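Colleague: Hi! Could you walk me through this one? I'm still new to reading structures.

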Amino acid sequence: AHATRNAAIMGAFWGCTALFLPFLASDERAAIATIGIGLSVGACATLTAHPPAVRAYLLATIVPYAAVYLSRATLTEFALALLASVLLVALLHAAQISHRSLIGALRARRSAEVAQAELDAARRQWSQLSESAEAFALYESDGRLLLWNNAYAKVLGVSEEVLASAG
């Protein structure tokens, strides 16, 4: 809630700059609008981890621009309002996609960590078995030799290479 509120406040701050558009020269209007677009794109990327904050910032920043453009009632301003609306929808969609990708990456990372921990545990168990003085071997149901330790090779009186080729 804190991040969403802060994002909305910052977005509203930049959204309020739209109120000055009617009083600025065209190059100044373009500069302010470009800065607002750049900040919106940056916020979309930066706030990806928290979708409500992205929505709050983008709505508070872009909607005032669209409203000011619509209030001017010229064809050019109407087109700019339409472009602002399209930008808003596109950025909201991009933020949603980025968020899903981030969540997927975090889940994949967690799964990899769990798999690594399981592999490490299996390696420790195998190390204990392979280093033990007791002979140990594991066969497939079809009789194929899968795993063995040095003691097993010694009991059989064969080298590990022979066991490996027999497996």
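**Charged pairs and a pocket**

Modeller: Happy to! This is a predicted model. Let's start in helix α4: Arg110 and Glu113 are three residues apart there, so about one helical turn separates them.

Colleague: And how far apart are the closest N and O atoms of Arg110 and Glu113?

Modeller: They are 3.6 Å apart, and the two residues form a salt bridge. Side chains of opposite charge can pair when their charged atoms come close.

Colleague: Which residue does Glu113 form a salt bridge with at 3.4 Å?

Modeller: That one is Arg109. Arg109 and Glu113 also both sit in α4, four residues apart, again about one turn of the helix.

Colleague: Is Arg109 buried or exposed?

Modeller: Arg109 counts as exposed because its relative accessibility is 55%, and the cut-off is over 50%. Glu113, at 39%, counts as partly exposed.

Colleague: How many salt bridges does a search of the whole structure find?

Modeller: Three. Besides the two with Glu113, Arg144 and Glu140 meet through their side chains, 3.8 Å from N to O. Salt bridges with shared partners link Arg109, Arg110 and Glu113 into one network.

Colleague: Switching topic: what volume does the largest pocket have?

Modeller: About 310 Å³. Its lining has 17 residues, and the closest to the pocket centre are Ala33, Ile37, Tyr65, Tyr69 and Leu80.

Colleague: Which helix gives the largest share of that lining?

Modeller: α2, with eight residues. Helices α2, α3 and α4 each supply at least two.

Colleague: And what classes of residue are in the lining?

Modeller: Ten are nonpolar, five polar and two charged.

Note on methods: Residues numbered from 1 in each chain as written. Predicted model: local features only at pLDDT ≥ 70, side-chain atom pairs only at ≥ 80, totals over all residues. Heavy atoms only, no water. 1 Å grid on protein atoms, 1.4 Å probe; cavity = no way out; pocket = protein on both sides within 12 Å on 5 of 7 lines; lining within 4 Å. Points joined across faces, edges and corners; volume = space filled by probe spheres on them. Nonpolar A, V, L, I, M, F, W, Y, C, P; charged D, E, K, R; others polar. Salt bridge = Lys/Arg side-chain N within 4 Å of Asp/Glu carboxyl O. Buried < 20%, exposed > 50% of the residue type's maximum accessible area, 1.4 Å probe, protein only.
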